[in-house]
Amino acid sequence: MDEALLRAYNWADNMISENSTSSSNGDETNASWSRYGCETFYQCINKDNKDFGWANIRTHYYKLSDVSDNYEYYYTHFKLDIIPNENRLTGNHPIAIADSTIRSDVKADPTYGKYQEMMCYDPMGDSGITNSSAKINLSFGASFKPGTQPGVSGSVGISWSYSVSDIVVHDKSLIGEKLEIWHDINENAAVGKTTCVIEPGHVVRCKNIDGGDGKYHATDKYEIVFITFAFWHDFFDTFTFDLNTIVPSSSSCPST
């Protein structure tokens, strides 16, 4: 990786730390979450020998401890960082970030999709452009092993937030089956010309019985749209990244 890319990567790390917070609401249940897998991806976004910027994906998966023998519960903290090429933000035909969509098709795996169910997700519903942040609150009911806290069943919650200033959030998800969150970014505002961090989340329940293996077979898609401003009309270019993984993962994950 050359020096310019390394600087951009380090900048992305700092921006994620500054623009997002997360916490686990452990007092609800004394439930314990452990990180069991991740998707990491960093790539220059290029078309026709023109660099639009960089995509930095660092999505992490967590598993709930002490659940019943019939199910395993996983929550996903998606992290997509979009870094526009600062050398193309001005001059003739400048660019900006226009849209970003994260999709997670829980039922897509041909073998194990039928044993997986999305219990909850956030952000839910369309948010107005005046909102300054998206507050992620994942709360759901779970069954626990006898003798553990909070007992046979209880409510589990996880929360974090991220900035959505000058962004309209559109919820196209289908409970039980898929997460689809479209961020309509104001390309004429500062958010379209600086590092943009997208962090939705969901909880998936995976069957341990009747053919299910208790693992989460994730099928995720990350989409970024750039706009190129021109004199007569503007141009849009869409870039899609498909990332699939199995949780628990056999590979180690970098720290957040």
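Here is a quick tour of this chain, from its overall build to a few aromatic details. What you're looking at is a predicted model, so let's keep an eye on confidence along the way. The chain has 256 residues, and 50% of them are buried. Its secondary structure comes down to 1 helix and 15 strands.

- The mean pLDDT of the chain is 83, with 78% of the residues at 70 or more.
- Residues 1-30 are the stretch to watch, as their pLDDT is below 50.
- That stretch still has 51 contacts in the model beyond near neighbours in sequence.

**The overall build**

- Take the contacts in the chain with a separation of 6 or more: 70% of them are between residues 24 or more positions apart.

**The nonpolar core**

- The largest nonpolar core is made of 54 residues.
- Phe-140, Tyr-216 and Phe-226 have the most contacts inside this core.
- Strand β3, which covers residues 50-64, gives the core its largest share, with 6 residues.

**Aromatic pairs around Phe-226**

- There are 12 aromatic pairs in the count.
- One of them joins Phe-52 and Phe-226 in a tilted arrangement, with 5.5 Å from centre to centre and 45° between the planes.
- Phe-52 sits in strand β3 and Phe-226 in strand β14 (residues 216-228), so this pair ties together parts that lie 174 residues apart in sequence.
- Phe-52 counts as buried because its relative accessible area is 3%, under the 20% cut-off.
- Phe-226 is buried too, and its relative accessible area is 0%.
- Phe-226 also pairs with Phe-239, this time edge-to-face, at 6.3 Å centre to centre and 75° between the planes.
- This second pair links strand β14 with strand β15 (residues 235-247), and its two residues are 13 apart.
- Like Phe-226, Phe-239 is buried.

**A cluster, and charges over rings**

- Trp-33, Tyr-62, Tyr-75 and Trp-160 come together as one aromatic cluster.
- Phe-52 turns up again here: Arg-88 lies over the face of its ring, 4.8 Å from the ring centre.
- Lys-63 lies over the face of Tyr-36, at 5.1 Å from the ring centre.

Terms used
Residues numbered from 1 in each chain as written. Predicted model: local features only at pLDDT ≥ 70, side-chain atom pairs only at ≥ 80, totals over all residues. Heavy atoms only, no water. Helix = DSSP H or I, 4+ residues; strand = E, 2+ residues; numbered from the N terminus. Buried < 20%, exposed > 50% of the residue type's maximum accessible area, 1.4 Å probe, protein only. Contact = heavy atoms within 4.5 Å. Core = buried A, V, L, I, M, F, W, Y, C linked by side-chain atoms within 4.5 Å. pLDDT = per-residue confidence, 0-100. Phe/Tyr/Trp six-rings, centres within 6.5 Å; stacked < 30°, edge-to-face > 60°. Lys NZ or Arg CZ within 6 Å of the ring centre and 35° of its normal.
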